[in-house]
Amino acid sequence: MPRPTVASLAYGSCTVIFSTFAMLLLSGTSSGVGIAVVAVSALALGLLVAMTVPRPAPRRLVAVARPAVPEPVRATVPSPLREPAREPVRERAAS
């Protein structure tokens, strides 16, 4: 049997209290047997409400794909103060 959650205990308790109060006011009973019947009925109703409260779905572990961290781009920019490097001149061979 699953353990009751805080929500189910709260709903069941509130149901017992408010239904007892409402049934005693509406029935107008003052005998011991009538009060006992109202109390047992309220407890049964509270138990029914506590057991039918929807339970939270069990948590599933899900692997989260993390975005790849891009490598920093290292650009080499020639300094304006230096002369650009010159390529050696390649001459065509005489044919």
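Reply: Happy to. Leu 24 has a relative accessible area of 31%, so Leu 24 is partly exposed. Please keep in mind that this is a predicted model.

Me: Thanks! In which helix is Leu 24 found, and which residues does Leu 24 touch, not counting residues up to four places away in sequence?

Reply: Leu 24 is found in helix H1. Once residues up to four places away in sequence are set aside, the residues that Leu 24 touches are Thr 29, Ile 35 and Val 38.

Me: How far apart in space are Leu 24 and Val 38, C-alpha to C-alpha?

Reply: Along the sequence, Leu 24 and Val 38 are 14 residues apart. Val 38 is also among the residues that Leu 24 touches. From C-alpha to C-alpha, the spacing of Leu 24 and Val 38 is 6.9 Å.

Me: How do H1 and H2 pack: roughly parallel or roughly antiparallel?

Reply: Helix H1 covers residues 6-27. H1 packs with helix H2, residues 32-52, at an angle of about 150 degrees, and their axes are 8 Å apart. Angles over 145 degrees count as roughly antiparallel, so H1 and H2 are roughly antiparallel.

Me: Which residues of H2 make the contact with H1, and what is the handedness of the crossing?

Reply: On the H1 side, the contact includes Ser 8, Ser 19 and Leu 24. On the H2 side, the contact is made by Ile 35, Val 38, Ser 41, Ala 42, Leu 43, Leu 45, Gly 46, Val 49 and Ala 50. The crossing of H1 and H2 is right-handed.

Me: Now for a serine in H1. Is Ser 8 buried or exposed, and which backbone oxygen does its side chain reach?

Reply: Ser 8 lies in helix H1. Its relative accessible area is 1%, and buried means under 20%, so Ser 8 is buried. Beyond its neighbours within four places in sequence, Ser 8 is in contact with Ala 50, Val 53 and Arg 55. At 2.8 Å, the Ser 8 side chain reaches the backbone oxygen of Thr 5.

Me: And Ser 19: buried or exposed, and how far is a polar atom of its side chain from the backbone oxygen of Thr 15?

Reply: Ser 19 also lies in helix H1. Its relative accessibility is 11%, so Ser 19 counts as buried. Leaving out neighbours within four places in sequence, Ser 19 is in contact with Ala 42 and Leu 45. The distance from a polar atom of the Ser 19 side chain to the backbone oxygen of Thr 15 is 2.5 Å.

Me: Last one. Why does Ala 22 count as partly exposed, and what separates the C-alpha atoms of Ala 22 and Ala 42?

Reply: Ala 22 is placed in helix H1. It counts as partly exposed because its relative accessibility is 33%. Ala 22 and Ala 42 are 20 residues apart along the chain, and their C-alpha atoms are separated by 9.7 Å.

Conventions:
Residues are numbered from 1 along each chain as its sequence is written. This is a predicted model: local features need pLDDT of at least 70, side-chain atom pairs count only at pLDDT 80 or more; totals for chains, interfaces and linings use all residues. Side-chain values use heavy atoms; hydrogens and water are left out. Helices (H or I, at least four residues) and strands (E, at least two) are DSSP runs, numbered from the N terminus. Buried means under 20% relative accessible area, exposed over 50%, partly exposed in between (1.4 Å probe, protein chains only). A polar contact is a pair of N or O atoms within 3.5 Å; within protein, one must be able to donate a hydrogen and the other to accept it, and residues adjacent in sequence count only if both atoms are side-chain atoms. Contact means heavy atoms within 4.5 Å. Axes are lines fitted to C-alpha atoms, for helices over the stretch in contact, and angles run from 0 to 180 degrees between N-to-C directions. Angles under 35 degrees count as roughly parallel, over 145 as roughly antiparallel, 65 to 115 as roughly perpendicular and the rest as oblique. A crossing is left-handed if the near helix is turned anticlockwise from the far one by less than a right angle, and right-handed if clockwise.
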